[in-house]
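Open the model in your viewer and keep the selection panel at hand. Each stop below names a selection and says what to look for.

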Amino acid sequence: MRPQWTWFPSAHCQDSKSPGPDQERERRWAELFDQLDVNKDGHIDIVELRTGLAGRGLSRGSLEKMVEAGDTNQDGVLDFNEFTEYLRSHEKELKLMFRSLDKNNDGQIDAAEIQHSLRTIGVEISLKDATRILQRMDKDGTMTIDWDEWRDFFLFRPLTNMEDVARYWKRSMMLDIGEQLTVPDDFSEEEKKSGYVWRQLMAGAFAGSVSRTGTAPLDRLKVFRQVRGFVGVKGNVLSGFQYMLKEGGLRSLWRGNGINVLKIAPETAIKFAAYEKIKNVMRSKNETRNLRVHERFVAGSLAGATAQTAIYPMEVLKTRLTLRTTGQYSGIADCAKQILQREGVAAFYKGYVPNLLSIVPYAGIDLAVYETLKFAWLNRNRGLADPGVMVLVGCGAVSSTCGQLASYPLALIRTRMQAQASVKGAPKPSMLASLHHIVTREGVAGLYRGISPNLLKVIPAVSVSYVVYEYTRIVLGVDIEGRRGGKEKA
């Protein structure tokens with residue numbers, strides 16, 4: 001078995017003042033090539049690159065671009081000459097980018113220079129965020145980046161200009177756990193014009209559809225427990241599934257999933273459009289100003305409220321279809337017809353107030369926890385590569401779980417109000433009356449009825465959502481840095 005090796009100093013080019021810098025650099029590249037060439041066939045393929053550079057947080061798409069750029073004979077692998085020529089050529093491009101960032105020509109890049117360079121390509125960030133970016137590459141703690149630190153960080157990333165670097169620093173992910181209450185991502189003007197945003201939203205919507213379908217049985221069990229408490233669904237999660245299977249068979253586990261998937265697209269589109277409009281209003285006359293975190297939270301909450309108002313009748317239909325017994329409704333249209341005839345139009349907005357109120361704790365805590373976890377990791381791992389899949393997915397899962405825990409009592413009241421069938425014109429129970437009824441009969445614990453299946457679905461939902469999201473991005477031609485992938489470049 002080959003000994004384990006660690007890549008960081010191996011690819012360091014020597015300073016120009018060192019004796020024989022070119023020879024020393026070639027020798028180090030030869031050592032690195034030997035380490036990467038596991039089977040000793042004189043070539044490096046994608047599998048060997050992924051294994052050897054696993055600690056640098058590189059995506060498969062990034063490594064494929066590296067092979068494509070260096071593979072001059074088009075055989076799908078890199079020999080030693082192709083490998084070293086790629087590194088030599090890419091280093092020259094990185095040198096040009098470094099010089100374009102170093103405005104005062106002192107051989108160092110500071111936070112203000114990073115902020116200025118990103119502004120010139122339409123990416124607005126605060127000086128504080130620019131400092132955080134700098135700290136990811138600043139290995140010696142000087143709060144500046146020298147050429148060695150810059151080169152070592154980006155040497156194996158297929159970046160060719162500052163737009164690519166900006167997208168790498170601002171990579172976004174869309175994880176779906178069944179709730180659409182999170183604050184939307186920010187996109188630059190160039191990303192909006194290129195169509196990148198809508199490809200991102202499409203990938204996120206499709207990933208959410210698959211994720212929700214995969215966890216639909218747990219979601220249905222959650223709704224049953226929220227609405228019926230101990231009635232019918234007693235005991236643990238397994239006994240709940242047994243009850244549903246006995247009542248309606250295997251297909252009944254996916255009741256309500258159809259409309260739950262259908263509402264993803266309109267909700268995502270409305271929320272994004274509303275978020276952009278609200279941001280423009282908040283910026284007032286300064287259209288290029290970067291929103292602070294609390295402003296993003298306010299804009300995201302208002303955008304979420306707008307989207308929820310528009311699609312809320314679908315939420316009521318989803319709850320009724322999820323709880324339906326065998327033969328009660330023939331489909332979505334029949335369910336809507338029966339509700340309209342028996343209860344009137346107002347029934348489609350039952351539970352609207354607690355639903356609206358739940359947006360604030362969910363979105364606020366989700367955003368705050370995610371940002372805290374992400375920057376805590378960056379501060380502990382200063383100078384290292386991108387956080388990678390597991391860190392980002394973990395941050396997303398933990399922050400979403402915290403958001404759910406905070407907003408769950410309001411979500412439970414909303415669901416119970418949605419499920420209450422009433423005669424047209426009859427008085428409707430208020431949110432406070434429902435809260436009093438639950439606490440009086442079931443205690444404070446009753447406000448968290450059904451939370452166990454809800455928590456059980458977080459990890460599989462986030463995992464499935466991420467995997468499908470990444471594969472969908474590949475199909476749509478968007479790699480992990482945000483550029484068009486494959487042979488056609490945007």
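This is a predicted model: local features need pLDDT of at least 70, side-chain atom pairs count only at pLDDT 80 or more; totals for chains, interfaces and linings use all residues.

Residues are numbered from 1 along each chain as its sequence is written, and side-chain values use heavy atoms, with hydrogens and water left out.

**Stop 1: the nonpolar cores**

Select Leu49, Phe83, Ile114, Trp150 and Phe156. Of the 34 residues in the largest nonpolar core, these touch the most other members. (A nonpolar core is a set of buried Ala, Val, Leu, Ile, Met, Phe, Trp, Tyr and Cys residues joined through side-chain atoms within 4.5 Å; buried means under 20% relative accessible area, exposed over 50%, partly exposed in between, with a 1.4 Å probe and protein chains only.) Now colour the helices α1 (21-36), α2 (46-52), α3 (60-70), α4 (80-101), α5 (111-120), α6 (127-137) and α7 (147-154): each gives two or more residues to this core. (Helices are DSSP runs of H or I, at least four residues, numbered from the N terminus.) α4 gives the most, with seven residues.

Zoom to Phe83. Not counting residues up to four places away in sequence, Phe83 touches Trp29, Leu32, Phe33, Leu36, Ile44, Met66, Leu78 and Phe156. (Contact means heavy atoms within 4.5 Å.) Apart from this core lies another, of 10 residues, including Leu221, Phe224, Val237 and Leu253.

**Stop 2: helix α21**

Select residues 458-476. α21 has 19 residues and reaches 26 Å from its first C-alpha to its last, close to the 27 Å expected at 1.5 Å a residue. (The expected span is 1.5 Å times one less than the number of residues.) Its buried residues include Val458, Tyr466, Glu470 and Arg473.

**Stop 3: the rings**

Which rings pair with Tyr312? Select Tyr349 and Tyr352. (Rings of Phe, Tyr and Trp, the last by its six-membered ring, pair if their centres lie within 6.5 Å; planes under 30 degrees apart count as stacked, over 60 as edge-to-face and the rest as tilted.) Tyr312 and Tyr349 have ring centres 5.7 Å apart and planes at 25°, so they are stacked. Tyr312 is in α15 (residues 293-323), while Tyr349 is in the loop between α16 (332-343) and α17 (352-380), 37 residues apart. Tyr312 is buried, at 0% relative accessibility. Tyr349 is partly exposed, at 33%. With Tyr352, the ring centres of the Tyr312 pair are 5.6 Å apart and the planes at 85°, so this pair is edge-to-face.

Finish with Phe33, Phe80 and Phe83, which ring pairs link into a cluster.
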